[in-house]
Amino acid sequence: MTGAPATAGAAAALISELTDARVIDLEQPRFPGMPMFPANAPNYTFMLHRRHEAGLESRTSAAGMILTADHAGTHVDALCHQAEDMHMFGGVAVTAANQDPGGVRVLSAEALPPIVRRGVLIDLVEARGDRLPPRYLVERDELEAAAASQGVAVRPGDVLLVHTGWGAAWEDPDYISGGGMARSSGEWAT
């Protein structure tokens, strides 16, 4: 999926689709102690480092600082996030030259273009009558069956949203460790 249309015609088509588009915020609230996969801690900390204090000036200010892991909360994984046999997406080798304490220097999130696409929803909660159980892996055949029964057509370039019901369990750590889309789902949706 790319962020920019390939041609002027594609751009015009995208703009016409966006005329009646709805923007839906998918962010989960962030708070101290929010659920986090254990390997990615710390999760989220807010510190009020400058406070209002009497006697300094008539106009005072307060300011805070947020400390969080980059893999916390709702986010998009950069293509450098995972590697297998020391190779990242596209066969890019993991080397000392492309990662240092300041971050991974290739395939990183800042290289991702804005994602403006048609979004389609497959509602597994509706299909099952309840949210998915913790640590559940959604397989391709389940997505295909739900899409067919809900009349959802997934086109190349679409952003696929899968309603699992796990958002309602955001404060339950069982729902953030080990579940998600199985490999077959990812291969179907590409």
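Tutor: Helices (H or I, at least four residues) and strands (E, at least two) are DSSP runs, numbered from the N terminus. R183 belongs to helix 4 (residues 183-188). This is a predicted model, in which local features need pLDDT of at least 70 and side-chain atom pairs count only at pLDDT 80 or more, while totals for chains, interfaces and linings use all residues. Residues are numbered from 1 along each chain as its sequence is written, and side-chain values use heavy atoms, with hydrogens and water left out.

Side chains of opposite charge can pair when their charged atoms come close. A salt bridge here is a side-chain nitrogen of Lys or Arg within 4 Å of a carboxyl oxygen of Asp or Glu. The structure has six of them.

In one, R183 pairs with E187 at 2.8 Å, N to O. These two residues are about one helical turn apart, because they are four residues apart in helix 4. R183 is exposed at 67%, whereas E187 is partly exposed at 45%.

Helix 3 (residues 140-150) holds both E144 and R140, four residues apart, about one turn of the helix. Their side chains form a salt bridge at 3.2 Å, N to O. E144 is partly exposed at 33%, and R140 is partly exposed at 36%.

R30 and E27 form another salt bridge, with their closest N and O atoms 2.8 Å apart. R30 is partly exposed at 31%, and E27 is partly exposed at 36%.

How values were computed:
Buried means under 20% relative accessible area, exposed over 50%, partly exposed in between (1.4 Å probe, protein chains only).
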